[in-house]
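Let's walk through this one together, piece by piece. Have the viewer open and the sequence to hand.

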Amino acid sequence: MATLSVQSVKKSHGAATILKGISLDIADGEFLVLVGPSGCGKSTLLRCIAGLEELDSGAIVIDGANVTQSEPRDRDLAMVFQSYALYPHLTVRENLAFGLKMRKTPPSEIVTRVAEAARMLEIEPLLDRLPKNLSGGQRQRVAMGRAVVRRPKAFLFDEPLSNLDASLRGQMRIELMRLHRQLSATMIYVTHDQVEAMTLATRIAVMKAGELQQVGTPDELYQHPANQFVAKFIGTPEMNLIPADDARKLALVHSLPDGTAQVGVRAEDVHVGHGVGAADAMVEVVEHLGWEALVHLRIGALALVARMKDPPAVGARTSITLDAAGLHFFDGTGARIFSSNDRASAQRARP
Ligand SMILES: Nc1ncnc2c1ncn2[C@@H]1O[C@H](COP(=O)(O)OP(=O)(O)OP(=O)(O)O)[C@@H](O)[C@H]1O
Ligand SMILES: [Mg+2]
């Protein structure tokens, strides 16, 4: 396994600059999840790391060795894509063995590694089938198996689960966590799925228009987003953002730090129907999610979402308060001034 270092990587296609100087250090055994809006350059970054794209400038360093000029096959990385091209005329066993055969791995070693990967991914009963006789989830497992048998220095996953239905994604997510634990492998994983990002990642890197916005643990990003973009991008539903003027006028927040343009508050920190000095709100829509509900509230021109177990009825008039411990203050550029939980977390982190 390996450490991976992306150093000031720039990449353009024609006149368009896709990666504007990305630097990222990934520790041995880390599960780094890369997220960001469509077109922000996630796949391009993975392809640069894998050696499938040439850099304009910068470097890729694997285990201390500069591989910027190395061919993809010499980098010893395995990449798993959203569209997994299995060889249709080869059985699962042959698909798993194919890459090893090409690399002239001794046959006995191939047998061992295929058996090991099949056991790990629970595809042993499928080994003699052809890909056309597999479900989507089983095929994706075989595609992962093909990466696993190679025992690469690191795995690069580009939205490997996005073709699967919700229930299969859920299962595969657990498989991936188990795989990561068993292999203690270094992984970079691109996804659009919030749950995947939050549950799989040791750290999440948030990217926007070819630039990294913030890199941190899921908890750091959720609790202390560096800017409004990260605040809105991480977490479902999106963080509520209240213009400073509204926050003052409605007395939702008692004191605003200098320079505050927006106050952010997550849905779980909007409390309905209790508290002194609460603002009057109207319940517009209730989304029942089973064990909780999202309640869409209106206070004049301001719309807010609250998360709660016992929602009021649609059309009800109620009052709301914001949890003083869950406020995030952003300046006019969108940068965070501070979060009200900063100090509490710093104290918790102290030994
Ligand atoms: N070969 C290419 N030539 C020109 N432009 C390209 C090329 N490859 C990618 N791009 C552009 O680079 C930008 C980033 O593409 P990329 O595929 O890295 O985005 P992404 O973050 O992976 O998006 P998605 O989430 O939709 O997969 C896009 O605007 C895309 O159109
Ligand atoms: Mg992509």
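**A tour from the helices outward**

Start with helix 5 (residues 166-183): its 18 residues reach 25 Å from the first C-alpha to the last, close to the 26 Å expected at 1.5 Å a residue. That expected span is 1.5 Å times one less than the number of residues in the helix. Helices here are DSSP runs of H or I with at least four residues, strands are runs of E with at least two, and both are numbered from the N terminus.

Before going on, a word on what you're looking at: this is a predicted model, where local features need pLDDT of at least 70 and side-chain atom pairs count only at pLDDT 80 or more, while totals for chains, interfaces and linings use all residues. Residues are numbered from 1 along each chain as its sequence is written, and chains are lettered from A and ligands numbered from 1 in the order in which they are written.

Back to helix 5, where Met172, Leu176 and Leu179 are buried. Buried means that 20 or more other C-beta atoms lie within 10 Å of the residue's own; exposed means 12 or fewer, partly exposed is in between, and the C-beta atoms are placed from the backbone. Seen down the axis, the buried residues of helix 5 fall within an arc of 65°, so they line one face of the helix. The arc is that of the directions from the helix axis to the C-beta atoms. An α-helix has 3.6 residues a turn, so residues three or four places apart point the same way. On the other side of helix 5 you'll find Ala166, Ser167, Ile174 and Arg181, which are exposed. The cover over the buried residues includes helix 3, helix 4 and helix 6 (194-200). Just past the end of helix 5, Ser184 takes a positive phi of about 40°.

Now hop over to helix 3 (residues 107-120), with 14 residues and a reach of 20 Å from first C-alpha to last, close to the 20 Å expected. Which residues of helix 3 are buried? They are Val114, Ala117 and Ala118. These cover an arc of only 100° around the axis, which puts them on the same side of helix 3. The face turned away from that buried side carries the exposed residues Ser108, Glu109 and Arg119. The buried residues of helix 3 pack against helix 2 (92-102) and helix 4 (136-149). Just after helix 3, Glu122 has a positive phi of about 55°.

Next, zoom out to the domains. The domain assignment of the protein gives domain 1 (4-223) and domain 2 (235-349); such bounds come from an automatic or database assignment. Their centres, taken over C-alpha atoms, are separated by 37 Å.

What about the core? The largest nonpolar core has 88 residues, of which Val33 and Leu34 touch the most other members. A nonpolar core is a set of buried Ala, Val, Leu, Ile, Met, Phe, Trp, Tyr and Cys residues joined through C-beta atoms within 7 Å. Helix 4 gives the largest share of this core, 6 residues. Domain 1 and domain 2 both contribute residues, so the core lies between them. Leaving aside neighbours within four places in sequence, Leu34 is in contact with residues including Lys42, Leu45, Ile188 and Met207. Contact means that the two C-beta atoms, placed from the backbone, lie within 7 Å.

An open sheet of 4 strands has the order 2-1-4-5, with antiparallel pairing; two strands pair if DSSP finds at least two bridges between them. Its edge strands are strand 2 (16-26) and strand 5 (65-66), each pairing on one side only. Strand 4 (residues 57-62) and strand 5 share 2 bridges, with Val61 opposite Asn66.

Further along, strand 12 (residues 262-265) is joined by 4 bridges to strand 11 (residues 240-243) and by 4 bridges to strand 18 (residues 327-330), running antiparallel in each case. Val265 is the bridge partner of Asn240 and also stands opposite Leu327 in strand 18. Gln262 and Gly264 point one way from strand 12, Val263 and Val265 the other, and all are buried.

Finish at Ile320, in strand 17 (residues 317-322). Ile320 is buried, with 21 other C-beta atoms within 10 Å. Ala281 is 39 residues away in sequence but 6.6 Å from Ile320 in space, C-alpha to C-alpha.
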